[in-house]
Amino acid sequence: MKKYFAELVGTMVLTLLGCGTAVSLNCGSDTASVVGTAIAFGLAVVAMAYTIGGISGCHINPAITLGVFASGRLSCKDTIWYIVAQVIGAIIGAAILAGIVATSPGLAGGTTTGANACAAGQMNGLIVEIVLTTIFVLVVLGATSKTNGATNNFAGLAIGLSLILIHLVGIHYTGTSVNPARSIGPAIFEGGQAGKDLWVFIVGPFVGGLLAAGIWALISGECCKKCESEK
């Protein structure tokens, strides 16, 4: 149970601090707010990676969990409970943020909870989320692979920094989710367009996670090894 609770806490912190920064900085209004929000999400991941990484692996993202499962590194049972814990954690994080904003609405320049929305349409948003999630999960799979030897001790840093870069690219298009749980929590409290676009931020990251698992299997040679063992 401690693994699942760690994922719940980690996703709660990511949602609260990442979306909280987006709200406080009125993300998208200027370049500084975009950069600040991107850094916040990346640093939140780095912080949690070194806090709960030794307990649960610090997925704090259903897309990563699905990618890890597809790569054969996680059981079906753990995959299900990881995702459940992540969604609950994101909802709690969004609820805390909504409560904070409600105490002084005038201090929050952005939306109520920092929910995602597709600025250029749902299909465009879907493509953006698939591509960015594929890259992000691929970094996660590679950085945490045993083939990297001692360098995987710095996996948390690599993952957090890559998330900053991904946010810098995608914020103006979708707000950059690449994480279904992190989108579900805020959408519950935001509603409106965020609720209508929510399917994009669930389907896109899951598809991206599976694509990343397939690409990593080819890069690492795990796919070839499996074929040879079956022969």
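Predicted model: local features only at pLDDT ≥ 70, side-chain atom pairs only at ≥ 80, totals over all residues.
I started with Asp 78, which is buried at a relative accessible area of 12%; buried is under 20%, exposed over 50% and partly exposed in between, with a 1.4 Å probe and protein chains only. Residues are numbered from 1 along each chain as its sequence is written, and side-chain values use heavy atoms, with hydrogens and water left out.

Next I looked up the partner of Asp 78. Its side chain meets that of Lys 3 in a salt bridge, 2.9 Å from N to O (a side-chain nitrogen of Lys or Arg within 4 Å of a carboxyl oxygen of Asp or Glu). Lys 3 lies in helix α1 (residues 2–24) and Asp 78 in helix α4 (residues 76–103), so the pair ties together parts 75 residues apart in sequence. Helices here are DSSP runs of H or I with at least four residues, numbered from the N terminus. Lys 3 is partly exposed, at 28% relative accessible area. I counted one salt bridge by this rule.

Then I turned to α1 and helix α2 (residues 31–56), which pack at about 165° with axes 9 Å apart. The axes are lines fitted to C-alpha atoms over the stretch in contact, and angles run from 0 to 180 degrees between N-to-C directions. α1 and α2 are therefore roughly antiparallel, a label for angles over 145 degrees. I listed the contact (heavy atoms within 4.5 Å): Lys 3 is among the α1 residues, and Phe 41 is one of those from α2.

Notes
Helix = DSSP H or I, 4+ residues; strand = E, 2+ residues; numbered from the N terminus. Parallel < 35°, antiparallel > 145°, perpendicular 65-115°, else oblique.
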